[in-house]
Amino acid sequence: MALDALRATPIFAEVPLEQLERLATQAIPMSLREGDFLINEGDQADDLFVVVSGEFDVTKRSGTSEIPLAHVGPGAIQGELAALERGKRMASVRAVTDAEVLRIPYETMRDLLSGGPDAALGIIRTVIGRLRGLEATLRQREKLAGLGTLAAGLAHELNNPAAAIRRSVEALDEAIAARNALHPPHSLTLLRPAGNVHLDAMDRADAVDEIDGLIGDAEMAAALVDAGWTEDELRSAFADMDATAAREAAAWLAATATVETLIGEVRMAGDRISEIVGAVKSYAYLDQAPVQRIDVRKGLDDTLVILRHKLKAGIEVTRHYDPDLPEIEAWGSELNQVWTNLVDNAADAMDGKGALSIRAERLGADEVQVSICDTGPGIPPEVASKIFEPFFTTKPPGIGSGLGLHISHQVVVRHGGRIDLETEPGKTCFIVALPLTLPARAQPTSPEV
């Protein structure tokens with residue numbers, strides 16, 4: 001049975017019979033029930049498997065969901081990529097029916113590969129095909145993850161000014177009704193404060209005490225001080241009024257100050273929403289040509305707006321931009337994906353606390369350079385050497401696809417640039433150099449390998 005199963009497997013079709021018989025004697029039969037896992041993502045790989053009978057689903061974790069990658073049956077080989085690399089399993093394989101498989105130990109496979117080129121070529125074809133399919137699927141998922149990051153940032157950033165508008169409008173209705181119930185002298189409605197509304201805490205407290213002593217209401221006094229009124233201005237305004245009239249006049253002025261403050265808050269929140277929407281439109285280069293002259297400083301600033309919800313809690317951001325930085329020819333939305341990947345990774349590395357430094361400067365006569373540095377723990381040398389490889393990630397299964405930096409590297413290279421990593425304990429810098437003009441044959445990043 002083992003020999004027939006191996007012979008039916010495409011990658012062993014060209015293996016000489018003698019070698020195939022030896023492989024069959026060393027293969028270990030396994031039986032699985034429906035629902036059993038043949039391979040678990042994240043486990044250390046040692047063997048590979050040939051499906052004799054039954055069917056399996058191949059999936060990869062992403063957050064709390066499972067991404068379907070393939071559905072395989074008899075003759076399929078599974079786990080060969082991670083086994084040959086002796087790395088971690090990149091996907092899970094679960095039986096959807098009762099199944100029989102052959103487990104082939106790593107040492108047995110290594111002996112087969114050293115025996116001649118036929119098996120090696122067959123496995124190489126299988127691995128390349130598997131990688132193409134896996135990368136294409138995960139590239140699409142990476143795009144969706146990027147949209148998810150964008151959507152999460154927008155939801156968080158837009159919620160705050162929207163909530164502020166709702167609160168201010170509700171309070172504004174009450175404030176206007178309260179003011180309309182008062183009837184001050186006509187001359188008072190024409191007055192405006194000339195005082196300083198930007199007082200420090202101690203001076204403000206003193207000013208509130210002074211006006212409270214004049215009108216006998218601490219809450220109204222605070223509103224008048226915040227609107228810019230001073231004690232001398234109010235004494236002058238109330239000069240010809242008795243105590244009751246002065247108090248009513250003060251109440252009207254305080255209500256007017258509250259209304260104007262609330263209108264200002266609505267205006268500020270509306271401006272904030274306009275800023276966010278403008279940043280998103282600029283970030284995505286909506287309604288603009290795919291290739292154009294762009295200012296990388298604008299792309300970096302738009303990215304920081306999109307990711308502000310991840311940065312504002314405990315990360316100090318500093319920007320150092322060359323004021324004479326030239327524009328470059330680029331696919332702007334693709335470069336913004338690079339900045340998003342690098343800033344997002346930096347925030348994750350610092351676990352929400354630290355310093356992020358972004359620098360954009362001219363490099364020689366025909367390049368610009370962007371450096372994005374964080375104060376995270378740094379990247380060990382054995383990890384740094386693989387950081388741009390596809391599917392390589394230091395995050396737990398289901399958290400990272402291992403394509404973010406790989407895609408960033410591809411985007412930069414397609415622009416004719418380069419991306420380098422400098423790291424030490426307590427500091428990591430990704431340095432991107434880009435030419436002012438795209439290479440003649442440059443093409444936008446494709447979802448295919």
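**Close-up views of a predicted model**

C429 in β15 is the bridge partner of C373. The model is predicted: local features need pLDDT of at least 70, side-chain atom pairs count only at pLDDT 80 or more, and totals for chains, interfaces and linings use all residues. Residues are numbered from 1 along each chain as its sequence is written, and side-chain values use heavy atoms, with hydrogens and water left out.

**View 1. Strand β13 and its pairing with β15.** Helices (H or I, at least four residues) and strands (E, at least two) are DSSP runs, numbered from the N terminus. Strand β13 covers residues 367-374, and strand β15 covers residues 427-435. The two run antiparallel and are joined by eight bridges; two strands pair if DSSP finds at least two bridges between them.

**View 2. The two sides of β13.** In a regular strand the side chains alternate between the two faces of the sheet. E367, Q369, S371 and C373 point one way from β13, while V368, V370, I372 and D374 point the other way. Are these residues buried or exposed? All are buried, where buried means under 20% relative accessible area, exposed over 50%, and partly exposed in between (1.4 Å probe, protein chains only).

**View 3. The hairpin of β12 and β13.** Strand β12 (residues 354-363) pairs with β13 in the antiparallel sense over eight bridges. One of the bridge partners is V370 in β13, which faces A360. Three residues lie between the strands of this hairpin, and G364 in the turn has a positive phi of about 70°.

**View 4. The crossing of helices α11 and α13.** Helix α11 (residues 296-306) and helix α13 (residues 332-349) have axes that come within 9 Å and cross at roughly 50°. Axes are lines fitted to C-alpha atoms, for helices over the stretch in contact, and angles run from 0 to 180 degrees between N-to-C directions. The two helices are therefore oblique to each other; angles under 35 degrees count as roughly parallel, over 145 as roughly antiparallel, 65 to 115 as roughly perpendicular and the rest as oblique. V296, G299, L300, T303 and L304 of α11 make the contact with N336, W339, T340 and V343 of α13, contact meaning heavy atoms within 4.5 Å.

**View 5. An open sheet of four strands.** The strands stand in the order β1-β8-β3-β6, and the pairing is antiparallel. β1 (28-32) and β6 (77-78) are at the edges with a single partner strand each, so one side of each has no neighbour in the sheet. β1 is joined by five bridges to strand β8 (residues 99-105), and L32 has A99 in β8 as its bridge partner.
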